[in-house]
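Subject: Structure for you to look at

Hello,

Here is the structure I said I would pass on. My notes on what was found in it follow below.

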Amino acid sequence: MNGKVNLLLIAMLVVSSSSLHPIILVPGNGGNQLEARLTKTYKPSNPFCSRKWNPIVKDKDGWFRLWFEPTVLLSPFTKCFAERMTLYFDKGLDDFRNAPGVETRVPHFGSTNSLRYLDPSLKHITSYMASLVDSLEEIGYVDGETLFGAPYDFRYGLANAGHPCEIGSKFLKELNHLIENASISNGGKPVIIVSHSLGGLFVLQLLNRNPLSWRERYIKHFIALSAPWGGTVVEMLTFASGSTLGVPLVDPLLVREEQRSSESNLWLFPNPFLFNQEKSLVVTPYDTYTASDTVKFLDDIGYSEGVYPYTSRILPLMEQLTAPLVPVTCIIGKGVKTAETLIYGENGFDEQPEIVYGDGDGTVNLVSLLALESLWRSEKNQALKLISISGVDHTDILKNEVALVEITREINVINSQDTSMILLNRID
């Protein structure tokens, strides 16, 4: 008996490279490089933004790194960055578009290259998934063979059925093909998808937009890191007053309009179907706003143009947290003070608010991180596992040693399932 147990332990803990299920990494908002090119129709708002000399570094075809670019730290160039990142909602097309004269592309699709560092020349300050990729390589994964990256234009989101969504839909098609090709190139093994933050919302939509037969064939497991299933109060701060996203020296008001224009940011508003509808999330001397008051909130902060895309394209998506009927593991941080209520004074939304904090991962509120537990409780055919790590914040989950151990351990267990089942059959 002891011999059998030891064999099982060995089979579960020692996973050969031939038994690895391919992994696809899907980043979060701002989690991969983004490149741009300016055409003759580009009209700069000031001389600093002239395409003749800004940016200085670009390739022979005019492409340059738009995100992350260190000149965003300097005020005149912050404006250039913001106007080039800004999206516009075209009512005639019922879809979002780049600013006139700005072309964008996502480099290195299929590889982890654009996920490791947002700027490879500034590795120390722009590291994103580098530590996670290193940890996966240590257990046998190889970039381009068993490990793949799915970067995307994170400014764009998805839309409810019946509405065009060119960029977001294109990404889902590319991700679909990447999953199929990764599986085929690895002997038909189904894929483990590992997402971070916003990436989890895209992945859940992808799974539920494919038939169950496709999911059962191509998906082994979905691991969601720090997924904002129900949005976050921090997004209301971003829309009201702008956010520097932790980048020093940047005036949040200079990037507020650009952040408001992002379709994916609308998707991250607090979900009225999950947040307590009696809970005040924003308080001013004249009004209070709950998760159900987003339309009024958008009007009152001076962004009424966001109301139509929010109500027609985004709000219906917030109800679509359907169980995909493939195994899901959520790995989250908790015990980090997270904005729960924003209190504004007489000077209005142009000033940063006083913040009342609650629990979460520093960015996403706990009610949002834990949403699937309550939503899927009665789903008999949905396997759901939660791993929570105290004191680990939203992005640090990709770098923290304890978090990386938990992530790789979960992947090893998933990879060991087939091996242990074969061994059990042989023992029986």
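In this predicted model, 4 strands make up an open sheet of mixed pairing, in the order β11-β10-β13-β14. Its edges are β11 (288–289) and β14 (354–358), each of which pairs on one side only. Helix α9 packs on the sheet and touches β10, β11, β13 and β14, with its direction at about 45° to that of β13. Within the sheet, β10 (residues 282–283) and β13 (residues 338–343) run in the parallel sense, paired over 2 bridges. Valine 282 is placed opposite leucine 342 of β13.

Next, helix α10. Of its 10 residues (252–261), 7 are buried, so the helix is largely enclosed by the rest of the structure. The buried ones are Pro252, Val255, Arg256, Glu258, Gln259, Arg260 and Ser261. They pack against α2 (75–85), β4 (87–90), β5 (95–98), α9 (234–241) and α11 (263–267). The N-terminal end of α10 is capped by aspartate 251, which has a side-chain oxygen 3.0 Å from the backbone nitrogen of leucine 253.

Beyond its neighbours within four places in sequence, arginine 116 is in contact with Thr126, Ser127, Tyr128, Met129, Ala130, Val133, Asp134 and Glu137.

On the aromatic side, the whole structure holds 20 aromatic pairs. In one of them, the ring centres of tryptophan 67 and phenylalanine 154 are 6.3 Å apart and the planes are at 70°, so this pair is edge-to-face. Tryptophan 67 belongs to strand β3 (residues 64–67), while phenylalanine 154 is in the loop between β7 (147–149) and α6 (166–184); the pair therefore ties together parts 87 residues apart in sequence. Both tryptophan 67 and phenylalanine 154 are buried.

Phenylalanine 222 and tryptophan 229 also form an edge-to-face pair, because their planes are at 90°, with ring centres 6.3 Å apart. Phenylalanine 222 is buried at a relative accessible area of 1%, and tryptophan 229 is buried at 4%.

There is also an aromatic cluster made up of Phe239, Phe269, Tyr289, Phe297, Tyr303, Tyr310, Tyr344 and Phe349. Finally, lysine 337 sits over the face of tyrosine 357, 4.7 Å from the ring centre.

Regards

Methods. Residues are numbered from 1 along each chain as its sequence is written. This is a predicted model: local features need pLDDT of at least 70, side-chain atom pairs count only at pLDDT 80 or more; totals for chains, interfaces and linings use all residues. Side-chain values use heavy atoms; hydrogens and water are left out. Buried means under 20% relative accessible area, exposed over 50%, partly exposed in between (1.4 Å probe, protein chains only). Contact means heavy atoms within 4.5 Å. A polar contact is a pair of N or O atoms within 3.5 Å; within protein, one must be able to donate a hydrogen and the other to accept it, and residues adjacent in sequence count only if both atoms are side-chain atoms. Two strands pair if DSSP finds at least two bridges between them. Axes are lines fitted to C-alpha atoms, for helices over the stretch in contact, and angles run from 0 to 180 degrees between N-to-C directions. Rings of Phe, Tyr and Trp (its six-membered ring) pair if their centres lie within 6.5 Å; planes under 30 degrees apart count as stacked, over 60 as edge-to-face and the rest as tilted. A charge sits over a ring if NZ of Lys or CZ of Arg is within 6 Å of the ring centre and within 35 degrees of the ring normal.
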